[in-house]
Amino acid sequence: MTREEPKKTRLVLFFTENVSLEQWNRSGLLDREVAIYQHLQKSGFQVTFFTYGRRPDLAFADRLDGIQVLCNRWNLPSSIYKKWMFWLHRRELRQCDIIKTNQIPGANWALAAASRWQKPLIARFGFMHSDFVRQQLGTKSTTYQRARELENRVFSQANLIVVTTVSMAKDVVSRTPEVAPRVKLIPNYVDTETFQSLPHRQTHADLLFIGRLEKQKNLESLLEAIRPLDTRLIVIGGGKATENWRRRYADLTNQVKWLENIPHNRLPELMAHAKVFILPSLYEGHPKALIEAMACGMPIIAANTPGIREIIQHQDNGILCGTDVESIRKAITTVLGDHKLRQRIGKNARKHAVAKFSFSQIAPLELTTLKELIATTTLHQKAA
């Protein structure tokens with residue numbers, strides 16, 4: 001008789017609402033985002049991605065190592081697809097064992113699926129969505145109120161709540177104290193084998209910025225800060241306002257090089273050609289690009305703002321500055337003018353990234369969390 005293979009636990013990951021594999025690929029993030037789920041596949045799980053993409057999402061199968069894709073393969077209008085997607089994917093959702101969110105936007109669908117088919121739910125998110133909305137629209141906006149309501153509903157009903165920072169964990173517990181035992185801290189990870197200090201390369205830029213070209217990232221203050229300086233900056237990122245930014249700062253052509261989204265595996269090489277990584281954001285969740293730059297041993301200049309100051313210790317593994325033009329300019333001048341300072345904080349940045357955020361540190365936390373949930377769910381089922 002042949003020995004039967006053990007049954008795999010089936011995990012369905014609900015993508016952020018309206019996000020597709022095609023978008024992940026276009027923004028250069030596909031390999032980074034998929035890595036942890038490929039690891040779970042090798043550890044006895046069957047992973048399924050529930051995306052909002054159309055048929056082209058199916059073409060990424062060869063890069064997913066067996067991860068199944070549920071998408072809008074019928075190319076229906078988005079509103080129609082959302083209305084019928086549970087029925088269209090009913091078999092896979094009924095047969096799964098765990099449902100997980102990728103971010104809060106879209107968690108309402110994951111929560112509805114978990115409730116309909118009585119599946120345990122992991123509410124995972126890398127930033128507090130309502131905080132981002134508050135920063136953009138204020139606390140009186142309807143969008144903010146809806147974001148808070150959704151978060152509170154998800155927090156109260158999820159079997160586990162996975163956050164990436166201590167401040168997010170505290171926020172969740174302060175709003176819904178009864179869920180404290182269900183809150184789990186799992187930071188974002190970085191592949192410290194791919195992102196590592198490379199041999200000295202010819203310097204192409206003094207500063208490197210990576211991020212979406214949105215108000216949150218405070219790029220305007222950075223560009224104004226370098227205007228009077230003899231400083232070269234590379235900006236990597238996309239966004240709806242990309243062309244507007246380029247036109248607005250056309251006079252900085254000799255100082256700024258604009259690059260569209262770069263494949264993730266090319267970033268270490270580009271980081272090796274820049275002296276300093278800079279992130280002057282007004283607020284962040286748990287910025288992956290920052291951690292990757294640290295893993296590459298880059299000296300860091302970053303704003304002393306939420307989501308950043310939990311990672312960067314001033315004068316140790318980076319330099320913290322204000323978000324205003326003068327503070328950013330002063331930090332740039334200080335760091336670029338001190339080679340020994342750059343060496344020291346770059347070395348410490350690498351050490352910190354490896355110790356706290358390496359894939360080898362984070363992957364076991366993901367796996368343990370899933371196994372604990374499975375064990376708890378099994379006990380409850382037997383008791384029932």
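In this predicted model, helix H6 (residues 129–137) packs with helix H7 (residues 142–157) at an angle of about 170°, and their axes are 9 Å apart. That angle makes H6 roughly antiparallel to H7, because angles over 145 degrees count as roughly antiparallel. On the H6 side, the residues in contact are His129, Ser130, Val133, Arg134 and Leu137, and they meet Thr143, Tyr144, Ala147, Arg148 and Glu151 in H7.

Arg134 also forms a salt bridge with Asp131. The two residues are three apart in helix H6, so about one helical turn separates them. Arg134 is partly exposed, with a relative accessible area of 33%, and Asp131 is partly exposed at 25%.

Side chains of opposite charge can pair when their charged atoms come close. The count of salt bridges comes to 21, including these:

| Salt bridge | N to O distance |
|---|---|
| Arg63 and Asp31 | 3.2 Å |
| Glu33 and Arg32 | 3.6 Å |
| Arg134 and Asp131 | 3.8 Å |

Arg63 lies in the loop between strand E2 (45–54) and strand E3 (68–72), and Asp31 in helix H2 (residues 30–42), so this pair ties together parts that are 32 residues apart in sequence. Glu33 is buried at 11% relative accessibility, and Arg32 is buried at 12%.

Elsewhere, Ile80, Trp84 and Trp87 form a nonpolar surface patch with about 330 Å² of accessible area together. Trp84 is in helix H3 (residues 78–88) and is partly exposed, at 43% relative accessibility.

Ser360, in helix H15 (residues 359–383), is exposed at 57% relative accessibility. Ser360 and Tyr189 are 171 residues apart in sequence, and their C-alpha atoms are 8.6 Å apart in space.

How values were computed. Residues are numbered from 1 along each chain as its sequence is written. This is a predicted model: local features need pLDDT of at least 70, side-chain atom pairs count only at pLDDT 80 or more; totals for chains, interfaces and linings use all residues. Side-chain values use heavy atoms; hydrogens and water are left out. Patches are made of residues with over 30% relative accessible area and no salt bridge: like charges are joined within 9 Å, nonpolar side chains (Val, Leu, Ile, Met, Phe, Trp, Tyr) within 5 Å. Accessible areas come from the Shrake-Rupley method with a 1.4 Å probe; for residues, only the protein chains shown count as cover. A salt bridge is a side-chain nitrogen of Lys or Arg within 4 Å of a carboxyl oxygen of Asp or Glu. Helices (H or I, at least four residues) and strands (E, at least two) are DSSP runs, numbered from the N terminus. Buried means under 20% relative accessible area, exposed over 50%, partly exposed in between (1.4 Å probe, protein chains only). Axes are lines fitted to C-alpha atoms, for helices over the stretch in contact, and angles run from 0 to 180 degrees between N-to-C directions. Angles under 35 degrees count as roughly parallel, over 145 as roughly antiparallel, 65 to 115 as roughly perpendicular and the rest as oblique. Contact means heavy atoms within 4.5 Å.
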